[in-house]
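I am opening a notebook page on this structure, and I will write down each thing I look up in the order I look it up.

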Amino acid sequence: MAYFDHLLDEKGDICTDEEAVIAVVDVGGHTTDIAVVQPGGNISRDRSSSIPLGILKYIERVQELVLQSHKIRITNKHVNTAIQNNGIVNIRGQREDLSPYLSSASEIIVRELRAQVAQVLGDDTDVDCILYVGGGAKVLGRTLSQHPNVVIPNEPHYANARGARSEEH
């Protein structure tokens, strides 16, 4: 569905090269789903897979980094609050800036994610763009976008829903 969000504009008109090969990478909670869409919308089954790496691994990594540095165990809620508030969160009544930990964890997880995506894609010289979507793309977007041929749509966590809607038109 995210493919159609990328391919079609709000009116349902084609706004992307129909001959492009697009790797759709949907970063979810527990897993990341990868589908290579060939021209004409055909999915390359041998280059599509699901890998056991999602945004929850990022949250765990932030928690580990904070524990190593501050000897404090923080919850998923703390991490989610920090993500929403540019790194700022209250821990035990103290205002803390977790942005360095968010950034470090993002770099670590993106490096691992890109390596696993590359393994699934194999020779990716024919891939015109790697389209990252899902809630994980929203969180990791800044780090992901530093790499070539990566596209992250506005509000990537809604890309599948928008794609389903535009496919109906």
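**Overall make-up**

I began with burial and found that buried residues make up 41% of the 169 residues in the protein, where buried means under 20% relative accessible area, exposed means over 50%, and partly exposed lies in between, with a 1.4 Å probe and protein chains only. I note that this is a predicted model, in which local features need pLDDT of at least 70 and side-chain atom pairs count only at pLDDT 80 or more, while totals for chains, interfaces and linings use all residues. Residues are numbered from 1 along each chain as its sequence is written, and side-chain values use heavy atoms, with hydrogens and water left out.

I then listed the secondary structure, which comes to 6 helices and 7 strands, these being DSSP runs numbered from the N terminus, with at least four residues of H or I for a helix and at least two of E for a strand. From the N terminus on, the elements follow the order α-β-β-β-α-α-β-β-α-β-α-β-α.

**The sheet**

I looked up the sheet next and found an open one of 5 strands in the order β3-β2-β1-β6-β7, with mixed pairing; two strands pair if DSSP finds at least two bridges between them. Its edge strands are β3 and β7 (150-151), each of which pairs on one side only.

Strands β2 (residues 32-37) and β3 (residues 43-51) run antiparallel and are joined by 5 bridges, and in β3 the bridge partner of Asp33 is Ser50. The two strands form a hairpin with 5 residues between them, and Gly40 in the turn has a positive phi of about 85°. Gly40 counts as exposed, at 70% relative accessibility, and its C-alpha atom is separated by 9.4 Å from that of Val21, 19 residues apart along the chain.

Strands β1 (residues 22-27) and β6 (residues 129-133), by contrast, run parallel, also with 5 bridges, and here Ala23 stands opposite Ile130 in β6. Helix α5 (residues 135-144) lies across β1, β6 and β7 and runs at about 130° to β6; the axes are lines fitted to C-alpha atoms, for helices over the stretch in contact (heavy atoms within 4.5 Å), and angles run from 0 to 180 degrees between N-to-C directions.

**Charged pairs**

How many salt bridges does a search of the whole structure find? I found 2, counting a side-chain nitrogen of Lys or Arg within 4 Å of a carboxyl oxygen of Asp or Glu.

Arg47 forms a salt bridge with Asp126, with the closest N and O atoms 3.0 Å apart. Arg47 lies in strand β3 and Asp126 in the loop between α4 (99-121) and β6, so the pair ties together parts that are 79 residues apart in sequence. Arg47 is buried, at 11% relative accessible area, whereas Asp126 is partly exposed, at 31%.

Glu64 forms a salt bridge with Arg61, with the closest N and O atoms 2.8 Å apart. These two residues are 3 apart in helix α2 (residues 55-70), separated by about one helical turn.

**The largest pocket**

Last, I looked up the largest pocket, which is lined by 19 residues, with Tyr58, Ile83, Leu102, Val139 and Arg142 lying nearest its centre. On a 1 Å grid over the protein atoms alone, a pocket is an open set of points where a 1.4 Å probe fits, with protein on both sides within 12 Å along at least five of seven lines, and lining residues have an atom within 4 Å of a point. I noted that α2, α3 (76-84), α4 and α5 each supply at least two residues of this lining.
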